[in-house]
Amino acid sequence: MPLSASPVVRRVRLGAELRRLRHGESLTLEQVCARLGWASTSKLSRIELGQSRPDLADVLDLLDVYQVPPDRRTELIVIARDAATGRGWSRALGEMGERQRAYAELETGAARIVEYQPAVVPGLLQTPAYARLRVTAGSLFCDDVDVEADVRARALRQEVLRRADPPQYTALLDERVCDPGGTPADVWRDQLRHLLALAERPHVTVRLLSRDAAPYGGVHPLAAFAYYAHPDPADPRTVLVETLTTDLRLVAEADIDRYERLIDWLLAAALSAEETAELLSRRLGPALVPRPREPRDAEVAEPS
């Protein structure tokens, strides 16, 4: 069963709501903390920025200071409880590294996901063998990576696309993602077959940007990113921009609006889902023709 709402998203939502209430009362951070007897403003600042798991008692105290009416108070208490959730999500997501958990929390609570990748297949669409190669390559920059644990974590994240009410998922991939490069032919063949199979699901869309694609104004993304929208439209839309060592989380409306505009331009320039499927099928041609089924191939798990 899906989890109700991402605590990460709810923390950002709660922080924004509390900040608006404070401004509505024309109070400074210092004034609020003085009334509550808090030693410094850092605690309130972190709550307003969504950077810490809020204590419900602290939230109730803030609602008292801001004189929030009963109906609005009840709504914010629900959000605060979601924001403070931790144990259930930890059990559901299992043992994940910090970066994978950041993606998983957003994926599990999302209603819509759009991923852009210029060079590799996105984690939600990877086969175990392909994922193992990608994680192994990434471990060159980080000595303490547990490759097999990371592969298991990606498999756990992929359950979001198999649940009863999955998010609407769109993968926007540069055509070079379909180049095998140094990937072994059998791993690459199975990965392409997996992409084609997933793309047949009604909630999964895979679209390629051909090498001569020209998004509006010649704008091309400079880095991989993932966009998340949530069932509650008041929850903040989020973009994670992927870098070599960390991921940049964006929630400011001005930033998100720009990425939504970019997504529209990319979709307008991309091949259709049908054209993408044809191109992927052609890539299973002369160089990567599926061999007659052998014991090794028979063991490759097909998508459920």
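A residue is called buried when its relative accessible area is under 20%, exposed when it is over 50%, and partly exposed in between, using a 1.4 Å probe and protein chains only. This is a predicted model in which local features need pLDDT of at least 70 and side-chain atom pairs count only at pLDDT 80 or more, while totals for chains, interfaces and linings use all residues. Residues are numbered from 1 along each chain as its sequence is written, and side-chain values use heavy atoms, leaving out hydrogens and water.

The chain has 304 residues, of which 47% are buried. It contains 13 helices and 6 strands; these are DSSP runs numbered from the N terminus, with helices (H or I) of at least four residues and strands (E) of at least two.

Next come the aromatic rings. The structure has 4 aromatic pairs. Rings of Phe, Tyr and Trp (its six-membered ring) pair if their centres lie within 6.5 Å; planes under 30 degrees apart are stacked, over 60 edge-to-face, and the rest tilted. The pair of Tyr130 and Trp188 is tilted because the planes stand at 40 degrees, with the centres 5.9 Å apart. Tyr130 belongs to helix 8 (residues 128–138) and Trp188 to helix 10 (residues 185–199), so this pair ties together parts 58 residues apart in sequence. Tyr130 and Trp188 are both buried. Elsewhere, ring pairs join Tyr116, Phe225 and Tyr259 into a cluster.

Helix 9 (residues 147–157) has buried residues, including Val147, Val151 and Arg154. Seen down the axis, the buried residues of helix 9 fall within an arc of 160 degrees, so they line one face of the helix; the arc is taken from the directions from the helix axis to the C-beta atoms.
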